[in-house]
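Please look through the structure shown here. The paragraphs after it start with ring pairs and go on to charges over rings, single residues and the chain as a whole.

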Amino acid sequence: MQNDLTCLPEDMGLLRKLECLYLQHNDILELPDFEGNETLSELHASNNFIKTIPKAMCSNLPHLKILDLRDNKITELPDELCLLRNLNRLDVSNNTISVLPVTLSSLAHLISLQVEGNPIKMIRRDILQCGTTRILKTLHERALAKSKEEGGGSDGAFSLGGISVTRLRGGQADDGDMPGNFPDSYHQPQNQYGFQYQCPHLCQQQMQQNFCVYEQLRNCPEYDRQTQGHVYEPESYEQQHQNGNLRSLFVQQQQQRMEYPYPNGFMYQQQQQQQFPYGQSIESSRLAVHPRWVYKLRHTRTLAVNLEELTEVPDQVFQIAKNEGVHVVDFARNQLSTLPNGLQHMRNLVTELVLSNNLIGYVPQFISQFTRITYLNLSNNLLSDLPKEFGVLNTLRELSIANNRFQFIPNCVYELQGLEILIASENHIKMLNVSGLQSMPRLSTLDLRNNDIDAVPPILGNLTNITHLELVGNPFRQPRHQILMKGTDAIMSYLRDRIPT
């Protein structure tokens, strides 16, 4: 920050483990594609001379959560921003943007969209002033209207600018997202010999005629472990192996799966009481877990189920996720009224928990048992308070309680010694508790936009650890709107100048 950099090196991608990049207040003219920087989660590049956002950058940063490009020279936002499927904060304030791409409405986790100071003409000013939720709703309505005009459906899926977007699934359609050598990939093409795939383990030297010929399954323990034993029924295998007809069994089972396909979700309702060899029972015979879902858990360490209207989640789902070492849990955009009890199985594993856009009215006390959690998103719910035990979460780095019913920041939040980012916009908070904020030594980002704060104490300006402060949309008279638009440094300086001597 605050140097004279005009560009970044082309080989930025060699920094494979880079997570946060701060470039504010330089003379940078353009951003690289960041190919290879897949672990990057925060990119802060405000106060530069950037004119465009590279489209390739959007596809190269799947884990980016914060993109700060305020105070630049950007004239257009690309549709490809929807590919930043984990983005939760986008700040493009004070640029020269006139149009917002409707694809932004497909970002499942976007809780803060800041566009103040742009000559936006496509959305009325009063809608822009209503905040993120209202803006995204407007963009979504226009996306659906455009899709209808182009002959698309009305189910929330649309295609714009050559980009296929599935509404609220993080900009990523659930097409399986599995390598072709996964043994349970029922969606691969068939040929005249049956179901074609490549066995990934040592037994592959026995591949014959596009299907895998095994000796005893125990001779390939790695394969058996990875598929949870759901390849062949042992009795059927022995019988078919003795008859020398293993291939017919393999083809038969693949055909059976094609007749009873699994949906894209992680669970499905069985229409019959019959158990198929490719399912795991997690609730009598009514629910089953798709092996593809288990494969995803193991290789992404993420349990993500969005827009499924879930009101509860069976405990067994979390037990399976625990066994697979999952540490990211995402149930955004469902209808949960509280945290599922089964989450307790993962209290020593979860580092990120996303429960935004549900109907959560209270948070149970067991949240205090999450000893590794660093990110918690409870935005867009019905919360008005948090349990007092919440304050023991010393590993928590970022908390979002935006768009709830809080009239004050709960006292337990001020006990979070490791908290760096607090997003509490779109609530009914009436006052700033500066003494409480002073007890949070690492707090650097405080977002209190669109609340009911009627006064800003000047001593807030002494909190030099706060480097990003958002106060727009509150009814106080000082600082004036013009000061707020100049950014955090101007606000804090203004406040310090008014501290009584």
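This predicted model holds two aromatic pairs. In one of them, the ring centres of Phe 318 and Phe 331 are 5.8 Å apart and the planes meet at 50°, so the pair counts as tilted. Planes under 30 degrees apart would be stacked and planes over 60 edge-to-face, with the rest tilted. The pair links distant parts of the chain, 13 residues apart. Phe 318 belongs to helix α8 (residues 315-323), while Phe 331 lies in the loop between β16 (328-330) and β17 (352-354). Both Phe 318 and Phe 331 are buried.

The charged end of Lys 65 sits over the ring of Tyr 375, at 4.5 Å from the ring centre. Arg 498 lies over the face of Tyr 494, and here the distance to the ring centre is 3.6 Å.

Is Glu 470, at 7% relative accessibility, buried or exposed? Buried means under 20% relative accessible area, so with its 7% Glu 470 counts as buried. Glu 470 is part of strand β22 (residues 468-470). Leaving aside residues up to four places away in sequence, Glu 470 touches Arg 70, Asp 91, Gln 114, Leu 446, Asp 447, Leu 448 and Arg 449.

Pro 500 falls in the segment after α11 (488-496). The cut-off for exposed is over 50%, and Pro 500 has 70% relative accessibility, so Pro 500 counts as exposed. Between the C-alpha atoms of Pro 500 and Ile 459 there are 9.1 Å, although the two residues are 41 residues apart along the chain.

Helix α3 (residues 132-149) has 18 residues. From first C-alpha to last, α3 reaches 26 Å, close to the 26 Å expected at 1.5 Å a residue. Which residues of α3 are buried? They are Thr 132, Ile 135, Leu 136, Thr 138, Leu 139, His 140, Ala 143 and Ser 147. An α-helix has 3.6 residues a turn, so residues three or four places apart point the same way.

The last values describe the whole protein. It has eleven helices and 22 strands. Of its 501 residues, 53% are buried. Among contacts between residues at least 6 apart in sequence, 43% join residues at least 24 apart. The protein exposes about 23200 Å², and carbon and sulfur atoms supply 46% of that area.

Definitions and conventions
Residues numbered from 1 in each chain as written. Predicted model: local features only at pLDDT ≥ 70, side-chain atom pairs only at ≥ 80, totals over all residues. Heavy atoms only, no water. Phe/Tyr/Trp six-rings, centres within 6.5 Å; stacked < 30°, edge-to-face > 60°. Helix = DSSP H or I, 4+ residues; strand = E, 2+ residues; numbered from the N terminus. Buried < 20%, exposed > 50% of the residue type's maximum accessible area, 1.4 Å probe, protein only. Lys NZ or Arg CZ within 6 Å of the ring centre and 35° of its normal. Contact = heavy atoms within 4.5 Å. Areas by Shrake-Rupley, 256 points an atom, 1.4 Å probe, with all protein chains shown as cover. Expected span 1.5 Å × (residues − 1).
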